[in-house]
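Subject: Structure handover

Hello,

Here is the structure I promised you. Please open it next to this email and follow along.

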Amino acid sequence: MQKVLRKRVIRSLKKHFVRYTMLGLMIAMAIFLVVTIVGSAETLTKGTKDLASDSCVEDGEFEVFVPLSANEEEHIKNMDIALNEQFYYDYQLEDEEDVTLRLFKVRDDINKLHYVSGEEPSDINEIALEKRYAAEHNVKVKDSIKIAGVNYKVTGIAVTSDYDAPLKSISDTSCNSKCFGLAFMTNEAYERFKESGKAQKAETYLYTYKFNKDIDNDGLKDYLKSIKIDADQIDDDLFQEYWDRTGGVEDELRDAVSELRDATNEVNDALVELSENNDDINDGTSTIFDSYLEQTSDALNKSGYNVTLNEDNYEEELDNIINTCDSSVMRLSLKNAKKKLDELKKYKDGIKEYTNGVKELSDGTDEMAEGVNDLDKAVNDTLSEFDFGLTNMTSFLVQADNPRIYATKNDKLVDIEVGVFAGFVLFILLSYVISVFVVHSIESESSIIGTLYSMGVTKNDLLLHYITLPVVVSFVAGLVGLLIASTGVMAPMIAESSYQYFSIPEFSFYVPAYLIVYSVVVPPVVAIIVNVLVINNKLNRTPLSLIRNEVKQAKNKNINLKNMNFISAFRIRQMFKEVRSTLAVVFGMFLSLLIFMIGVNCFILCNNIAKDYANDTKFEYMYTLKYPEKEPPKDAEPAYAYSCKKKTMGYNFDVTVLGIDDDNPYFDVETRKSKVDVVVSSAFAEKFKIKKGEEVVVSDEDKEVKYAFKVSDIVKYSSGFYIFMDIDEMRDMMGEADDYYNVLFADKEIDINPGRLYSTTSRADVVKGSEVFTSLMMPMIYTLSFASIIIFILVLYLMMKVMIDRSSQNISLIKVFGYKRKEVKKLYLDGNMYIIAAGALIVIPLAKLIMNELFPFMVSNVACGLNIKAPIIFFVCVYVVILGLYFLVNAFLVRRLDKYSLAEILKNRE
Amino acid sequence: MYVEVSNVKKSYGEGGSHVQVLKGVTAGVERGEMCVIQGTSGSGKSTLLNCIGGLDDVDSGSIKIGGEEIVGLKKDELYDYRRDTIGFIFQFYNLIPNLTVRENIEVCRYLTDSPLDMEELLNVLGLKEHENKFPSQLSGGQQQRTAIARALIKNPKLLLCDEPTGALDSNTSRDILILLEEINRKYQTTMLIVTHNNSIKDMVHRVIYLKDGEVMKTYVNDVIVPARELEDL
């Protein structure tokens, strides 16, 4: 049976050759686009991975204040780690001040150079340049370049895996090869440059490492942290000045406490000594007082008064004698004696109080001395518990966190995910379109199928028969698409933007095995699934029902349109009749829009980034400081930035906690006087789906500490993932001094010693960086937009065509009655406009909404906010374009109405 | 003569497959007459009907309807001719399946500015109670009534019926013929009925007999038998 039916498959193909050719071409085109887009991305991914492998890309890198000693190097090597000095100088060209060349020695083992042209420099006056820099400056092999007064001959143009993205600083948002590049010179040339004294900045001691066996970044990092150095070893005045203000305070504290202890002891000793004379002083004054009493008593006895004066009675006795004495001379003499005795008694009591005070003070200082001694001991004990030694390591960056390495691969992840997803969507759509045709065939062959059933042919036989053609067409088309795409004919166009941005050699187009399987398996499998689902129900009728070609009257068709005008009623009936095709049109529109929205979201995102970065970046210059001065420059606004990490969707992103003053003119942020309540940037909130009032946790991976904040507000700031807090609170939280800062914002360029800087970011850099997103994405945006429009046109054309084909007899009939083309069009074609118009109203926002939900997953590796809000005018434009495309297709199909001959209706319908 | 067919020739195919279907047919029908075109299968009766209806062109000859030549009319003029003058009834009804009875009739009502009264027509044809049904919910006779109503709604001057009872049983056929008879009487509609049913010729005014593309004989019935009295339908 199948043999006979197979012959019919070929005849069906011949009969509907144009239809199946078009569908086949669409599938081939879809596969072609998927293989080209995904293949290009895979080519770049594999190419950069292979290159990284060939060039022994580092597992990580670290910087140190002073070069490691031989022993330290040996220790690291004993940890089964290959270590490589990759010291460099950043050199500003004499004649182009805004151009910095990073000067390296040629590499031997890790991050080896791959020469895209020329060869490695071998002479002291030879040099190799990084590819993108050379391209931007139009430098070729055999040209020369002047560095520090020496003319170097360019012997090679090279790329290196550790600068896949040639970023000057790892915090840079984009590469700018016009302003930054790499140069590689011989060891002799490097030493000559070093000794020339013409370097504007200190040499950077960068080491790269590669594990020979198991990766143990933490182990290496712990060891490097344990290497302490004496600050005096560092030959950098700016560092020394900074160190004196910051790292040197430990010694100051120890010294101050020690001095306090000594001084306290001295005071105590003196007071003890002083108190030891207290008795002598008291005895002396008592002796003087007692002697005077005795003298006065003797004088009174001689005058006939028998009294003995003592300390307690002298006042009373003398007053009695004075009052009873007749001699005025004696009275005067006694009054003087009493006055003298009063003074002596007062003096004696004063001395007593003084000596008592000295005694108390002596006892107090004794306690104080003990306390200060305890303080001294406690301070020393405490300081010795903390590690205040100066760690030699200044930075540690593992490969996974290095934005320069595998940058191309990471960038292309989006293309791969989008391409594969869009392909699936397309195949489902195309399979559905094919199934509509198959259903049309089944309906028109209803009586034949019924006859075959009655003769014993099974449903599975027929199911197999009817899906054979779609499956074969899908398979062949997929294969054709794959073969054409495999030639790489369009790949250079897709990959061009990457080659013009990343520093990579040009790779041969490569199609991974999964794409081959995808191309030849997915279209037929999707075709089988969709067609079986759709056809199965159609073949589920009884032979008699099929032979009679009974039309199932669906309930929803039985609506009363009696009061509606004829044309509207007719169109509604027609819509119900062609509900499958109508759904296919709307479904096709939806899926096309879904694909379109990927491109649109990419475009909107890039566009919004470019616009928002420009609007939100209020500063002209941002200086990240290595050694900030005590006082910030007058024209700059200080801030405190601290880099943390936060993970989402499998990617670990940098998040900057930024402490600012409330009156910082560059950020429209009202920070809270709190260490918990913070304000976050909109980019951060969008990327991590954070809402006001929620808690957010970021990690300090170096210190292995987590910080939890409560989001009290979200401010519009797209240029980076920021957590804003009050600078004083942040200083306090991080244990920094009250005047600490490490970032300066300014509205003009300020004069800062380059040695103090980690990096300088200008507003122009930020804006340019944002535009890079757009240029990298544009090929994909164009491809997706073009593909979706073509798909929509083809689906609309095919479905509208099948609708009128299915009504060919009726069209013929009404033409017999005298309906003219315009009227036939009104009945059979124009009604679709309402479907398209109404469908688009629902489908456009729906597709945008769905893609908005899916899009974050597609760009999960991209470090930016997700502002994909489209203006209303965008939706209006899409709507107008859809209607425009409808009218275009309609115009094509109008001519087809003339092709239905009047004789069609004269044939028997039985 | 209202319908004047003069020396009409029509052939199909080329070379070896060339078939001369009409070999110089000449015939005429008076206004308001019912006329049967009879003949064996392949005699050219349906082709002649199609040519008169402007559905098919002729190789040569002349066809005049109400004195107006339709041979050589342009496409648009033919549309106007069919729209203004002709009503068609087919053997297999050719109703539009997704339209109700009323909507099927409205397909032709839409084409004229002065249609017959829809309600009256529905009542006359016994379709009132079925007006909201779809063709699949009707019997063959009801479907043919609907097709007749559709043809009549625009009050055509010439009604062309191609085997109008060919798909119906005897009783239903009789009902349809009675209906056509009544319509002819009521609206004075000229009717050309193609049929192979030998009994129908007795109920019409004129008979044209075709054989192998030629008019073998044509005659006017002296006695017209009412449709209800026809036998062997």
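In what order do the four strands of the open sheet in chain A run? The order is 2-10-1-13, and the pairing is antiparallel. Keep in mind that this is a predicted model.

**The sheet in chain A**

Start at the edges. Strand 2 (81-85) and strand 13 (393-398) of chain A are the edge strands. Each of them pairs on one side only. From one strand to the next, the twist averages 20°.

Now look at one pair inside this order. Strand 1 covers residues 60-64 of chain A, and strand 10 covers residues 205-211. These two strands pair in the antiparallel sense, over five bridges. Find Phe62(A) and look across to strand 10 of chain A: its bridge partner there is Tyr207(A).

Helix 3 (residues 70-78) of chain A lies across strand 1, strand 2 and strand 10. Helix 3 runs at about 145° to strand 2 of chain A.

Next, go to helix 14 of chain A, residues 459-486. Leu479(A) is found there.

**Chain A as a whole**

Step back now. Chain A has 27 helices and 22 strands. It has 910 residues, and 52% of them count as buried. Its accessible surface comes to about 42,600 Å². Carbon and sulfur atoms account for 54% of that surface. Take the contacts in chain A between residues at least 6 apart in sequence: 83% of these join residues at least 24 apart.

**The hairpin in chain B**

Finish with chain B. Strand 1 (residues 3-12) and strand 2 (residues 19-29) of chain B form antiparallel pairing over eight bridges. Lys9(B) stands opposite Lys23(B) in strand 2 of chain B. The two strands form a hairpin, with six residues between them. In the turn, Gly13(B) has a positive phi of about 75°.

Best wishes

Terms used:
Residues numbered from 1 in each chain as written. Chains lettered and ligands numbered in written order. Predicted model: local features only at pLDDT ≥ 70, side-chain atom pairs only at ≥ 80, totals over all residues. Heavy atoms only, no water. Pairing = 2+ DSSP bridges. Axes fitted to C-alpha atoms, helices over the stretch in contact; angles between N-to-C directions. Contact = heavy atoms within 4.5 Å. Buried < 20%, exposed > 50% of the residue type's maximum accessible area, 1.4 Å probe, protein only. Areas by Shrake-Rupley, 256 points an atom, 1.4 Å probe, with all protein chains shown as cover.
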